[in-house]
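User: I have a model open and would like to go through it piece by piece. Can we start with what sits in the middle?

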Amino acid sequence: MKKVIAASIAIATFALNSPAAKADYTEVKQGTAFTTGSVVGAVLGGPIGMFIGALGGAYVAEQIKQVDQQEDLAVALVQAEQQSKVLSLELARRNAELAEREENLAQLQDLALDKLQLQVMFHTGSDVLTEQGAQQVQSLATFLSKNTDLVIHLNGHTDPRGTDEYNNVLSQYRAISVQQALEAQGIESDRIAVSAYGSGQSRANRGDLEAYALERRVDIDIIKPAHEAMAMGH
């Protein structure tokens, strides 16, 4: 009988040191517990003792199984937490990159807007775009094409020479001239509002020709959002 017990213990030791998978390892431990319990019970109490030992071995085997399952759940939980941390860090990194891109885009847009000349100048008594004025309008159209959420308000002006009626009409035609040039470049008409002020906002001293030159113009206001700009224009 001692040889049987020794053999059982040897089998158990071999099973515990086996490089089998986790599930197989648990089954070996359970089987060893059951076998060992049965053998010990037989030694101590014959057939009845063996039966009682087997029951005790089965109980121990079940406890071993539950412990192993709990260990597996704990390991899985730790791995899930680690994976969650990795994903959180990755999400934070991508959000930071997106915020940086949006900031760079806003800076580029502001830079492009700053480079635009937001006044189109005209010759005396004329509503025809100069060569420089046409280039300005083309640059403005390119900018508006890339920023479709923006609209513009064109404000026509004249110097104080001439009658109010004449200057009012001339300032209107100047603004319309810029509007038509923008529409020819593909800018939708509903993104453009027009106003005419004649010489009503002139600040030039009488006879100051240089100051007069600065008042023969169309001012360009770039506005966002679209519905607010259209409300101003009507």
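Analyst: The largest nonpolar core has 18 residues, and Leu-144, Ile-152, Leu-154, Val-178 and Leu-182 touch the most other members. A nonpolar core here is a set of buried Ala, Val, Leu, Ile, Met, Phe, Trp, Tyr and Cys residues joined through side-chain atoms within 4.5 Å. Buried means under 20% relative accessible area, exposed over 50%, and partly exposed in between (1.4 Å probe, protein chains only).

User: Which elements give two or more residues to this core?

Analyst: Those are α3, β2, α4 and β4. The largest share, five residues, comes from α3. Helices (H or I, at least four residues) and strands (E, at least two) are DSSP runs, numbered from the N terminus.

User: What does Leu-182 touch?

Analyst: Leaving out residues up to four places away in sequence, Leu-182 touches Val-137, Leu-140, Ala-141, Ile-152, Ile-187 and Ile-192. Contact means heavy atoms within 4.5 Å.

User: Before I go on, where does this model come from?

Analyst: It is a predicted model, where local features need pLDDT of at least 70, side-chain atom pairs count only at pLDDT 80 or more, and totals for chains, interfaces and linings use all residues. Residues are numbered from 1 along each chain as its sequence is written, and side-chain values use heavy atoms, with hydrogens and water left out.

User: What is the mean pLDDT of the chain?

Analyst: The mean is 75, and 58% of the residues reach 70 or more. Residues 2-19 have pLDDT below 50, and beyond near neighbours in sequence this stretch has 12 contacts in the model. pLDDT is the predictor's confidence in each residue, from 0 to 100.

User: Back to α4. How many residues does it have?

Analyst: Helix α4 covers residues 164-184, which is 21 residues, and reaches 30 Å from its first C-alpha to its last. That is close to the 30 Å expected at 1.5 Å a residue, where the expected span is 1.5 Å times one less than the number of residues. Just after α4, Gly-186 takes a positive phi of about 100°.

User: Which residues of α4 are buried, and what covers them?

Analyst: Among the buried ones are Asn-167, Leu-170, Arg-174, Val-178 and Leu-182. Their cover includes β1 (119-121), α3 (131-146), β2 (151-156), β3 (192-196) and β4 (217-223). An α-helix has 3.6 residues a turn, so residues three or four places apart point the same way.

User: And β4, which strands does it pair with?

Analyst: β4 pairs with β1 in the antiparallel sense over three bridges, and with β2, also antiparallel, over six bridges. Two strands pair if DSSP finds at least two bridges between them. In β4, Val-218 stands opposite Val-120, and Ile-220 stands opposite Leu-154. Five of the seven residues of β4 are buried.

User: New topic: how many salt bridges are there?

Analyst: The count is four, taking a salt bridge as a side-chain nitrogen of Lys or Arg within 4 Å of a carboxyl oxygen of Asp or Glu. One of them joins Arg-217 to Asp-219, with the closest N and O atoms 2.9 Å apart.

User: What about Asp-159?

Analyst: Asp-159 forms a salt bridge with Arg-161 at 3.0 Å and another with Arg-216 at 3.4 Å. Arg-216 lies in the loop between α5 (209-215) and β4 and Asp-159 in the loop between β2 and α4, so this pair ties together parts 57 residues apart in sequence.

User: Is Asp-159 buried or exposed?

Analyst: Asp-159 is buried, at 6% relative accessibility, whereas Arg-161 is partly exposed at 35%.
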